[in-house]
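Have the viewer open and follow along.

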Amino acid sequence: MKMRVNIVDLFDSTVETKGSQIAIEHNDETISFYELKNKALSVATLLLKRNEALINRPIAVFLPKEINTVISDLGVLYSGNAFMNLDVKMPVDRIRNILEKIKPITIITNKKYFELFKNIAIPIIDIESVEENLDYKLINERKKKQIDTDPMCIINTSGSTGTPKGVVLNHRSFFDFTDWALETFSFDGSEVIGSLSPVVFDIYDFELCMLILKGSKLILLDSSLAMFPANLLKEINNKKVDFIFWVPSIMVNIANLDLLKKSLPINLKMIWFAGEVFPTKQFLYWYDHIQKATFVNLYGPIEITLDCTYHIIDERPMEDEPLPIGKPCRNSDIIILNEDNQQTLENVEGELCVRGTSLAMGYYNDIEKTATAFVQNPLNNSYPELIYKTGDIVSKDRNGIIHFKGRKDSLIKHMGYRIELGEIEHMIVNELKLVDYCCAVYDDVNKKIILFYEKDEEIAPQIFRKSLMKFFPSYMLPSNFKRMDLLPRNTNGKIDRLQLKNNIKKEQ
């Protein structure tokens, strides 16, 4: 068996099997596996000739979701470095914060975005100008220096101080998760994947692994289709998509609009969802309409490679019964701890903690935060063993099935994105100085971020929104703004987030 170190090590055999077949479709554009590999190798060659001495360094990819993005990501992997996809819709100041924190050695983009980087001292590659030039010797020499725990990618996630944290994920973790998925669900490479998630999501990274390791076909769906779900359903039918891995928000929207009745995705066989809670009522709409498909609820924060638990829904749940997050994926272990760092008993709530190779390597260029988030397993005093404490409150039933109960702190999942509410508060108070005190709370029922602020007089919502839009993407903007003479405090003088959350529930 060929030793697997870099995720692209097995792409050669995929290309040998499927060389002339279409690997990716995006709108009317297509690319074969053979063309995809050659273009990626050309990117790798250019990167190595520019940075021959560097290895395992981040390379930023600033492109919309298109075929060139996949070429760039594969090229970075062939070069022995780690790709970091950035959202082209992200505010400029946030992009600069990320670049300053991560310090990538190169940015791959196109001429359309050159102006954004004119004052940034980082070399730029125009993906559209890369000529075919393959130096196999240079690439193979570089790959010989790698091991499977080297970084594969960096995913930026919300940080409480205003600067996103760069989560580092390695090759071995992606091998583990993809191997588990292939065996558990008998994927054979014939899958046609309807790729809707942004390239800054780990879902996209899994879809990329499916293309690399098994030759599954990627249909890159424009993010604009999420705004027009009827067109989205039409597109996945036209492209004969049979596997989707989506965040529930778009699926909830489709259910609420009763669109499956008009445009049923007739080819769907496998439906995965993750990133946030899927309300059971809307899930049942999908379950009842597409009865031949397998539905799987997956769970895992960015600090875990892809996901660490899964639940195959093989029986119709009751409408008032929340969907479980299930059991651990292979080679991940779940520990549920109480406040005294002891394991909880059956049906007793505690914090979900994870151990195993699925753990991220930490936060790039931030040893301090890494040491705070990835800690020694309190149940193991015999040797070093790190766990990640998710902040999610769960319980385990008598059958070993894990049930999600809520969040421990201010970290939320909204529209599939992980958001640190403290980052919004920090920007309003410390950077924009709009108010002295505020607290962002998540309305779990209506899926909205609500900002409570302390002020003698009301501030128009458009003032908040206009100010925040300069720094945050639209999904991080609060939907409602509520003034209070005095925000509630708890006994230690801190703003009582829980009381504000309870106030929302009382109003519903």
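What follows looks at a sheet with its helices, and then at a single threonine.

**The sheet and its helices**

Since this is a predicted model, please read every value as computed from predicted coordinates. Three strands form an open sheet in the order β24-β25-β26, and their pairing is mixed. At the edges sit β24 (437–443) and β26 (480–484), each pairing on one side only. From one strand to the next, the twist averages 25°.

How do β24 and β25 pair, and over how many bridges? β25 covers residues 448–454, and the pairing with β24 is antiparallel over 7 bridges.

| Helix | Residues | Strands touched | Angle with the direction of β24 |
|---|---|---|---|
| α12 | 421–431 | β24 and β25 | about 150° |
| α14 | 497–507 | β24, β25 and β26 | about 50° |

**A closer look at T178**

Now move to helix α6 (residues 171–185), where T178 is found. Is T178 buried or exposed? T178 counts as buried because its relative accessibility is 0%, while the cut-off for buried is under 20%. Leaving aside residues up to four places away in sequence, T178 touches F206, C209 and L213. Its side chain also reaches the backbone oxygen of F174 at 2.8 Å.

Key
Residues numbered from 1 in each chain as written. Predicted model: local features only at pLDDT ≥ 70, side-chain atom pairs only at ≥ 80, totals over all residues. Heavy atoms only, no water. Pairing = 2+ DSSP bridges. Helix = DSSP H or I, 4+ residues; strand = E, 2+ residues; numbered from the N terminus. Axes fitted to C-alpha atoms, helices over the stretch in contact; angles between N-to-C directions. Contact = heavy atoms within 4.5 Å. Buried < 20%, exposed > 50% of the residue type's maximum accessible area, 1.4 Å probe, protein only. Polar contact = N/O pair within 3.5 Å; in protein donor to acceptor, adjacent residues only side chain to side chain.
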